[in-house]
Every structure is written in structure tokens, then in C-alpha cells.
Amino acid sequence: MLSNIRVVLVGTSHPGNIGSTARAMKTMGLSTLYLAEPKVAPDGHSVALAAGASDILKHAVTVDSLADAITDCSLVIATSARSRTLDWPMLDPRQAGEKLVGSAIKGPVAIVFGRENNGLTNEELQKCNYHVAIPANPEYTSLNLAQAVQIICYEARVAHLNQTPEMVEEVEYPLAKEQENFFNHLEQTLLSTSFIVKQHPGQVMTKLRRLFSRARIESQEMNILRGILTSVDKKVAIANKPANDEQEALTKEK
């Protein structure tokens with residue numbers, strides 16, 4: 001089950017951090033590492049710092065973006081140390097470990113770590129269901145990448161060892177790619193009804209992403225919402241058809 005917990009490093013720029021991450025993972029029984037748009041590839045320095053966890057480096061998956069790394073995950077938790085203008089549903093490390101373990105029974109889940117110098121972008125953070133912050137000393141919050149990975153992986157292992165039937169997620173949740181398809185559909189529908197103005201979209205979609213992340217809608221609920229959007233799309237298409245036909249006739253006359 002721990003193999004379903006995917007550690008995703010985004011934009012990593014130091015090969016030593018990749019090796020240290022592999023070591024942190026292996027000590028806690030995790031083995032699945034994804035490198036999303038890394039600035040460097042694992043090298044001899046990575047292997048040296050992996051200290052016996054080079055098998056994780058060997059099988060690490062490199063992808064072009066965070067979206068590619070989490071596309072088949074039903075739960076994605078992002079690490080974030082910075083305060084954001086728009087707060088996302090937050091977890092502490094223990095809660096994150098429990099949620100990861102509870103959902104990993106059914107398939108892949110991911111814990112995402114950002115760049116060494118500036119973490120994850122707001123757009124990347126909004127692709128995740130929850131954010132987790134490590135409650136470090138507020139006067140000195142400096143954790144390196146491998147230390148942060150070690151803490152979250154430790155909490156996942158503790159949750160795994162202490163797992164009870166109540167912790168297992170029985171509900172089926174949509175995968176990340178399905179969530180993105182839903183948000184794209186929602187945005188297109190809101191544009192077609194002029195609820196969102198293309199030239200001035202504002203924060204509508206960001207706030208809607210936060211709303212649905214906070215609710216964490218189930219697969220069946222998402223299917224219902226997609227059906228509602230499709231019915232709206234059909235009504236909009238019918239309403240616009242006469243105008244379109246009239247415009248086409250005028251064009252032919254010219």
C-alpha cells in the first residue's frame with residue numbers, strides 16, 4: 001500500500017536533493033518517486049547521498065509537469081510553507097499522513113514538494129486537494145527538501161502502522177485528470193453564459209477550485225455536476241442558434 005504513495009518533486013535544481021529524498025523515502029518504506037520538470041537529472045552525487053536507496057533513483061519517473069505527475073491520483077496534497085492570499089484547505093503532517101494512507105488503499109495518491117528556492121506556484125497549488133504545512137519554529141522555519149520529505153513520509157508510515165478500518169476511504173473520488181476536465185468544463189460553461197468575462201475573469205475560477213477542494217466532491221457527485229453543465233451547454237447552444245443562423249444568412253447575402 002505504501003507503494004501507492006507517490007512523492008513528487010517539482011523543479012528540483014540540486015541532484016543531491018534528489019538522492020537525499022530517495023534515502024528519506026526508503027527509510028520510511030516509500031518507493032515511488034516522480035520528478036516533474038526537474039532542472040537536473042540524478043547523477044553520481046545523487047547516488048552517493050541516496051546511501052543505499054539508489055533503486056528508488058533508478059525507477060524514478062521523470063515527467064514534464066506536475067499535471068503529468070498526478071494525473072492518475074485520487075488525492076494530491078501539496079506542501080506549502082508560505083501564507084497565501086487565498087487560503088486552501090490545510091492539514092498538519094499527521095492529518096496528511098492519515099489521509100494519504102486512507103486513500104492509498106484504492107490507488108495512487110501524491111504528496112508534492114516544490115522548488116528549493118520558492119516552492120510551488122499558486123497555479124500548481126490549486127491543482128492539489130489539500131495543502132500541508134510543517135509547524136516548524138516560527139523564528140527559524142528553514143527546512144531543506146529532504147527534511148520536509150522525511151517528516152511527511154514518517155507521518156505516512158506511522159499512519160500505516162496504526163491503521164484502523166475507520167481510516168480507510170470507502171468513497172470513490174475523481175482522479176486529478178478528471179478534476180481538471182471538470183474545472184475546464186465549468187469554466188467554458190461560465191464563459192458561454194457570460195458569468196465569466198473572458199477579458200476580465202477575476203478570481204472566480206480560483207475561488208470555485210477552492211470551494212470544490214474544501215468539499216472534496218465524490219466521483220458520482222462530479223458526474224452529476226458534469227451532467228448539469230452539459231444541460232446548460234445545450235440550452236445555451238439552442239439560445240444562440242437563431243442568432244448564428246441569422247448571421248450566417250446575412251453573410252451569404254453579402
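**View 1. Helix α1 is mostly covered, with ten of its 13 residues buried.** Buried means under 20% relative accessible area, with exposed over 50% and partly exposed in between (1.4 Å probe, protein chains only). The buried residues of α1 are P15, G16, N17, I18, G19, S20, T21, A22, A24 and M25. Helices (H or I, at least four residues) and strands (E, at least two) are DSSP runs, numbered from the N terminus. The model is predicted: local features need pLDDT of at least 70 and side-chain atom pairs count only at pLDDT 80 or more, while totals for chains, interfaces and linings use all residues. Residues are numbered from 1 along each chain as its sequence is written, and side-chain values use heavy atoms, with hydrogens and water left out.

View 2. Contact here means heavy atoms within 4.5 Å.

**View 3. Length of α1 (residues 15–27) and the residue G29 just after the helix.** The expected span of a helix is 1.5 Å times one less than its number of residues. The 13 residues of α1 should therefore span 18 Å, and the 19 Å between the end C-alpha atoms agrees. G29 takes a positive phi of about 90°.

**View 4. Q179 in helix α8 (residues 176–192).** Q179 counts as buried because its relative accessibility is 12%. Leaving aside residues up to four places away in sequence, Q179 touches S74, N129, P174 and M222. The side chain of Q179 reaches the backbone oxygen of P174 at 3.2 Å. V204 is 25 residues from Q179 in sequence and 17 Å from Q179 in space, C-alpha to C-alpha.

Note on methods. A polar contact is a pair of N or O atoms within 3.5 Å; within protein, one must be able to donate a hydrogen and the other to accept it, and residues adjacent in sequence count only if both atoms are side-chain atoms.
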